[in-house]
Amino acid sequence: MTKRREIRAAAARPAFILSGSQAGGLRRRIDRFALATMFHHTTRLPHILPPQAYVADDQFRREVAALFRDAPLCVATTMELAKPGDFLTMDLLGKPLQLRNVDGEIRAYSNVCAHRHCLLTSRTTGNSPKLRCQYHGWEYDADGKTAHIPQPKNFVPFDRDQDRLGRYRAETCGRLVFVTLGDDAPTLRERLGENFEPLAERFDERWASSWTWQTTLDVNWKIPIENSLEGYHIPAVHPETFKVAPTADRTTHVLETEWTLYRTPYVAPSAAERALFAVERRALRILRRTPSAGYSHYHFFPNLLVSSSDMFSLAVSVLPVSPTRTELRVRQFTYRGVDPNPIGRFVSAFWSRLNRFLARKVLAEDFSIYPAIQRGLAASDRAGCLGTIEERVHAFQAYVAAHTQYAAGPSTADSAARLS
Ligand code: FES
Ligand SMILES: [Fe+2]
């Protein structure tokens, strides 16, 4: 395992300080937090991936094969499959898939019948007691083997091992459900390593689901990922919602080989946001949660983005569909606490709506810039570059380049030549 690159350097005390007697403890926490700051790099960085990597078919195929086939892909929550017989269907990397609750256990099957290849069901969600094909009525058991075939004499001699449904690995972390398409891939726990338990806690029973949403965008999958990895665009793209990005002295970047992290203490530059922060602190007291006053954003390579604060956890799974088409599956939770009283439930429900409203607004602002990025990448003859504030983008591009077998060299022109 590579040594974690986390710079800890003394930095100026953050300008944001709460007023009032209650602020003392929080201020100390923020000051401690702010000591872990500054970027890893001090000079500009190459834009490792050439523009063609965001449009080219061959690069897309390499990425799907090298990055996604063996990766646990976050596709749902257990709440969406709460009862035995509940199912969800989706296309995952071009494979029709059915997720089912089988007697309390979540399992993933191919949604393609072993008889004559019809989709077992065309519904996207529902409940059916049996895993049954809609065309001729073949039924399958929990292992994907045939359980019932109408007029079975037509099919003798029958091969139950061959004529069975494909299965995929389904795993959970907290109430997030992951599916892995590759047979011999590492487990979800192996992939997440030290982050498994913290992530599970972020999505456990103390959190209420506040938003479940998916959409498809006409962009390469790396565009939403890279957009989320830097706050440099905040003043231009989010002038109303965020206004300013935290500066380097309020930022911690962790750059690992399989994931990166951005952390910042809570920043409230405007009176309105300070007021919101004060209300949030009251909500946390009602829900008996100790404030940490921090915001964090994880990127688990290749495609899972998890952002969180004291009151919300947001998982965004970015799933490639084609070189210029991407599905986003968004699952947001709001803190509810353990056994909340009526006031706590009211506060949590209120915060759920607020979190959903804010997340929708911020995502819509980001989505509005994607077509311009995709169009520019398709036409660009420039190498591009990255600033130190964008070093998480650089780390991600290095990961993509290393796994798709063209060198992450210092020159983007070099990478472009290898790709073409
Ligand atoms: S195609 Fe499914 S039962 Fe015939
Ligand atoms: Fe953004």
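**Walking through an antiparallel sheet**

Let's start with strands E5 (residues 95–102) and E6 (residues 105–110), which run antiparallel and are joined by 6 bridges. Keep in mind that you're looking at a predicted model.

Now step from E6 to its other neighbour. Strand E11 (residues 167–173) pairs with E6, again in the antiparallel sense, over 2 bridges. A handy landmark here is Tyr109, which stands opposite Arg167 in E11.

Carry on from E11 and you reach strand E12 (residues 176–180), which runs antiparallel to E11 and is tied to it by 5 bridges. E11 and E12 make up a hairpin, with 2 residues between the strands. Have a look at Gly174 in that turn: its phi is positive, at about 60 degrees.

Time to zoom out. These strands belong to an open sheet of 7, and if you read across it the order is E3-E12-E11-E6-E5-E4-E7, with antiparallel pairing. What happens at the edges? Strand E3 (73–77) and strand E7 (125–127) stand there, and each has a single partner strand, so one side of each is left without a neighbour in the sheet. As you go across, the twist averages 30 degrees from one strand to the next.

Key: Residues numbered from 1 in each chain as written. Chains lettered and ligands numbered in written order. Predicted model: local features only at pLDDT ≥ 70, side-chain atom pairs only at ≥ 80, totals over all residues. Pairing = 2+ DSSP bridges. Helix = DSSP H or I, 4+ residues; strand = E, 2+ residues; numbered from the N terminus. Axes fitted to C-alpha atoms, helices over the stretch in contact; angles between N-to-C directions.
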